[in-house]
Amino acid sequence: MSDVIRGRVHRTGEGALVGRTLEEARLKSFVTSVGTLGSCLIMVGHAGVGKSALLAEAGRLAEETGLAVVRTTGVEFATADRFASLGRLLRPFLVDRALLEPPARRAIEVALGLRSGPAVQREQLHAAVLDLLRIAASRRPLLVTVDDVHWLDTGSADALAHVARRAAGNRIGVLATRRIDYGGPFTYAALPEHEVRPLRHTEANQLLATRYPQMPAEVRDRVLREADGLPLALVELPLALSSGQRGGQSPLPAVMPVGRRLMNLFADRVAALSAPARRELLVAALQGSGGDLRRLHLACSQDDPELQGLSEAERAGLVRVDERSNAVAFTHPLMRATVVQLASDNERRAAHRSLAAASTDDHSAAMWHRVQAAAVPDEPLAQALEQYAITTLTMGDAAGAMEALQRAADVTPGREARARRQVQAAFIGADVSGDLERAIELLQDADRLQPEVTSSLPAAVAASYILLNGECEVDTAHGLLAEAIGRVHAAQGPQDSRVLTDAMHSLLMMSWFGGRRELWTPFLEGMDRFGTSVSQEVDVVHRMFGDPVHQALDTLPRLERMLESVPDERDPVAITRVALAGVYTDRLGVCREPLWRVIRDGRQGGAVALAINALVSSCVDDWLTGQWDEALELADEGLRLCDDYGYRRYSVILGGYIRELIRVCRGEGEDGADVAAEMSAWAASRGAGMAMTFSHHLETLRAISRQDYAAAYRHACDISTPGSLDGYSPHVLWVLYDTVEACLRTGRAEEGRRHVEAMAAARVERISPRLAMVSAGCAALVSGNDHAAASYEAALMVPDGARWPFDRARIQLSFGEWLHRHHDHDLAGAHISEALAVFESLSARPWIRQARHQLRATGGRVDEAAPRGNDDDLTEQELQVARMAAAGLTNREIGGRLFLSHRTIGSILYRVFPKLGVTSRAQLSEALERLPRAAEPSSGRKANRFT
């Protein structure tokens with residue numbers, strides 16, 4: 001290995017060594033001391049920890065400061081020459097040997113083979129070497145670097161240790177590296193040492209991300225775990241993987257392979273063991289990183305009941321055995337990998353067979369050992385793996401399920417069954433784990449094996465999801481799946497309920513994203529045909545997510561029963577589907593904690609596709625409930641996942657729609673109209689009608705924010721014709737107030753009244769408290785003078801109305817305007833002030849301007865600076881957060897309880913402090929005590945004064 005390579009092993013570009021701030025500071029001090037006096041330092045650490053990189057860094061620093069630098073390296077398999085390393089070191093200075101006394105000159109020349117003569121005395125040679133280096137240092141301070149002193153030949157090690165002990169005072173520096181578990185002269189000389197420790201997790205992650213920026217999270221986490229902080233392993237382990245494994249398209253092996261450079265770190269120590277010790281070490285390695293000593297006894301009982309071989313390996317420092325906890329652990333993960341890689345295929349299979357026989361108490365472990373031991377196809381084993389995959393998926397482990405199905409395909413003897421299992425894995429990749437590329441590869445492999453299988457329903461589901469999520473070809477995906485479902489019905493054979501459920505849910509999602517009523521026809525026909533063969537969960541989602549206006553009320557009892565069980569649900573598929581049923585019915589709050597579980601799993605490389613889905617649902621809830629900062633954070637996280645995994649459909653929803661909704665309402669982005677126009681054109685070319693609806697919603701809100709109500713009316717009508725709430729157009733529930741307000745502001749009061757009548761006929765107000773509030777607000781807009789106040793009051797009195805602050809504040813602002821027109825200026829000012837506070841908390845600048853304008857019109861005082869509220873101006877959420885903070889909870893703890901990010905909690909407290917007149921958390925408790933005992937959050941108190 002060259003010095004250049006070794007010196008750059010854990011650098012990020014041309015910057016500092018990652019995670020070595022302490023070492024670099026010490027090396028700078030060391031180099032300075034060499035230049036003035038002389039010094040010695042031995043860097044000690046495990047193999048691969050980065051000692052050589054630090055040594056190279058010291059050499060670079062020394063040369064920059066004007067020192068002369070000479071280098072030598074110990075060689076593991078050196079020749080018998082006792083002074084080989086010393087000769088390489090002294091070669092540049094041999095011209096100065098003429099300046100030595102004759103005995104000293106003769107000692108060096110004989111030792112280095114430059115002349116013949118009797119063997120020199122050890123002490124005489126050591127003194128001669130020191131004298132020669134002193135001569136060199138007299139001209140220019142000298143740094144001697146010695147890498148791997150544990151591999152120096154004996155004569156060289158003795159001589160250099162002598163120099164190291166006497167370097168001080170001679171302007172000579174000796175900087176050497178040695179492994180932590182080796183002896184020799186540099187150990188016995190009691191020289192100053194510095195232990196180089198492995199990188200911490202954060203630093204290791206930084207190094208890995210720099211060298212392999214495109215590596216998926218699940219692969220990165222595995223490499224971090226196996227490397228255990230060794231920089232060399234972090235750089236080299238990925239190189240031993242196939243490109244598919246490194247990119248996340250292929251499953252990772254049970255034991256990570258190691259390249260030649262890594263294997264050389266430990267191979268000699270393993271090779272020195274006896275055959276029984278290597279065999280038992282192999283069984284321990286294949287058992288896993290948390291080895292069970294009892295199971296190891298069972299697996300090796302026939303050959304070595306006392307595990308003498310394992311004891312030998314422990315004496316050699318390769319493993320640690322803890323009799324109390326019955327555990328055996330390798331001293332480093334790479335030791336385990338090296339043991340496995342040094343074994344032959346037959347040895348590995350034999351070890352797996354022994355472990356399978358010893359794992360009778362662990363069905364899963366026994367099955368996986370059987371897989372690894374299999375040398376020929378095994379259908380019973382493939383069936384067991386397939387069932388395991390199904391169970392694993394329902395428990396939330398998408399990556400494990402996909403791997404199990406791929407392994408099942410590998411050991412399947414029949415072409416048709418193997419292709420079928422590859423198709424199953426492809427569906428999980430496309431719909432659950434987020435591995436679209438691997439899903440495509442699996443479908444292609446299945447098609448080569450058995451073309452008939454790829455025309456089956458499971459293959460159509462997988463292919464249509466790839467088309468929908470990857471290319472967003474809605475009509476093509478919908479047609480492919482609808483045709484496959486039709487073939488299944490025509491076959492009149494027994495149906496697989498699980499496959500049908502997945503197929504019908506997929507068709508549901510394509511029909512929704514297509515956004516056209518006719519796309520729902522194949523789905524509705526399929527539900528009629530298959531009846532109970534399809535999970536009722538799909539029917540509930542269809543009614544609540546597809547057509548909530550007309551079917552929600554009758555379906556709400558079924559949804560409520562599903563929501564009762566979702567907090568304890570572990571299946572990420574079930575969680576995300578139930579959440580979809582809560583999107584338009586305002587019941588996502590119940591699903592937030594389970595959705596967080598799915599998101600966290602995706603962050604760890606599990607069900608990534610479902611995590612993106614969960615992020616979308618969470619963003620919707622944040623948008624509706626006023627948690628806009630968190631919505632932007634989650635949208636950005638989702639977009640990164642979409643970019644990494646190729647999920648273009650979700651990137652449209654997250655980036656083109658949800659993020660733009662907040663930007664529009666905050667008055668940000670002059671390019672907003674361009675974004676909407678681009679989305680509209682993109683949607684038209686792909687049959688993505690829902691994306692057209694997204695665009696019209698954005699343009700409706702943008703127009704209202706600019707008080708361009710004519711444009712708002714045009715765009716709102718493209719979503720919902722006033723007076724008509726079309727079926728299978730769920731987004732009409734998100735533009736009710738916009739539509740009525742646009743009608744009223746453009747002189748179309750009669751159309752606005754018809755829309756309110758349509759809402760009443762559909763009993764929209766009974767779907768959720770938010771819709772009850774919005775319905776009453778819409779009724780207030782179009783009511784005559786005798787009924788408007790009562791309708792406004794009803795809207796603002798809706799229980800939990802403050803949960804939807806933006807909707808409520810818009811209604812309250814409108815109420816304030818109405819009161820001002822009817823000369824109740826004091827109450828008008830109170831309502832407008834309260835709406836203004838909400839808009840300011842949301843940074844909804846267009847509405848802030850409107851509210852300030854109206855407040856001035858009432859004669860109220862407007863503080864153009866950041867408003868400082870009164871003690872009783874806290875919203876319900878702010879009061880809740882303040883109380884938790886006063887009780888001593890951290891931002892992360894508060895966020896965990898409220899399902900918000902710690903950054904969102906921080907921004908809430910930023911608003912709370914000035915309202916309470918405090919500057920620190922320590923003052924919160926006293927400030928809250930000063931609040932009036934009967935005070936309620938501002939979200940409803942002042943409005944109630946009207947009665």
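Tutor: Let us begin with the surface. Accessible areas come from the Shrake-Rupley method with a 1.4 Å probe. The model before us is predicted, and the accessible surface of the protein comes to about 39000 Å². Of this surface, 49% belongs to carbon and sulfur atoms.

Student: What share of the residues in the protein is buried?

Tutor: A residue counts as buried when its relative accessible area is under 20%. Buried residues make up 58% of the 947 residues in this protein.

Student: How many helices and strands does the secondary structure hold?

Tutor: It comes to 48 helices and 8 strands. As for contacts with a separation of 6 or more, 69% of them join residues 24 or more positions apart.

Student: How should I read a sheet?

Tutor: Strands of a sheet pair through backbone hydrogen bonds, either parallel or antiparallel. Here, 5 strands form an open sheet in the order β2-β3-β4-β1-β5, and the pairing is parallel. The edges are taken by β2 (68–73) and β5 (193–195); each has a single partner strand, so one side of each is left without a neighbour in the sheet. On average, neighbouring strands of this sheet are turned by 15° against each other, direction ignored.

Student: Over how many bridges do strand β3 and strand β4 pair?

Tutor: Strand β3 (residues 142–147) and strand β4 (residues 172–179) pair in the parallel sense over 5 bridges. Within this region, Thr145 stands opposite Leu175 in β4.

Student: Which strands does helix α6 touch?

Tutor: Helix α6 (residues 122–139) packs on the sheet and touches β3 and β4. Its direction makes about 125° with that of β4. Helix α7 (residues 154–165) lies across β1 (39–45), β2, β3 and β4, and runs at about 130° to β4.

Student: How does one describe two aromatic rings that pair?

Tutor: A pair of aromatic rings is described by the distance of the centres and the angle of the planes. In this protein the count comes to 17 aromatic pairs. One of them is formed by Trp512 and Phe545, at 4.8 Å centre to centre with 35° between the planes, and this pair is tilted. Trp512 lies in helix α26 (residues 497–514) and Phe545 in helix α28 (residues 536–546), so the pair ties together parts that are 33 residues apart in sequence. Both Trp512 and Phe545 are buried.

Student: Why is the pair of Trp623 and Trp628 described as stacked?

Tutor: Planes under 30 degrees apart count as stacked. The ring centres of Trp623 and Trp628 are 5.4 Å apart and their planes stand at 15°, so the pair is stacked. Both of these residues, Trp623 and Trp628, are buried.

Student: Which residues form an aromatic cluster with Trp512?

Tutor: Trp512 forms one aromatic cluster with Phe513, Phe545, Tyr584, Tyr657, Phe694 and Trp734. The charged end of Arg649 sits over the ring of Phe513, 5.5 Å from its centre. Likewise, the charged end of Arg748 sits over the ring of Tyr713, 3.8 Å from its centre.

Student: Are Asp586 and Asp800 buried or exposed?

Tutor: Asp586 is buried, with a relative accessible area of 11%, whereas Asp800 is exposed, with a relative accessible area of 52%. Asp586 is found in the loop between α30 (572–583) and α31 (592–603), and its phi is near 60°, a positive value in a residue other than glycine. Asp800 lies in the loop between α41 (785–796) and α42 (805–821), with a positive phi near 65°.

How values were computed
Residues numbered from 1 in each chain as written. Predicted model: local features only at pLDDT ≥ 70, side-chain atom pairs only at ≥ 80, totals over all residues. Heavy atoms only, no water. Phe/Tyr/Trp six-rings, centres within 6.5 Å; stacked < 30°, edge-to-face > 60°. Helix = DSSP H or I, 4+ residues; strand = E, 2+ residues; numbered from the N terminus. Buried < 20%, exposed > 50% of the residue type's maximum accessible area, 1.4 Å probe, protein only. Lys NZ or Arg CZ within 6 Å of the ring centre and 35° of its normal. Pairing = 2+ DSSP bridges. Axes fitted to C-alpha atoms, helices over the stretch in contact; angles between N-to-C directions. Contact = heavy atoms within 4.5 Å.
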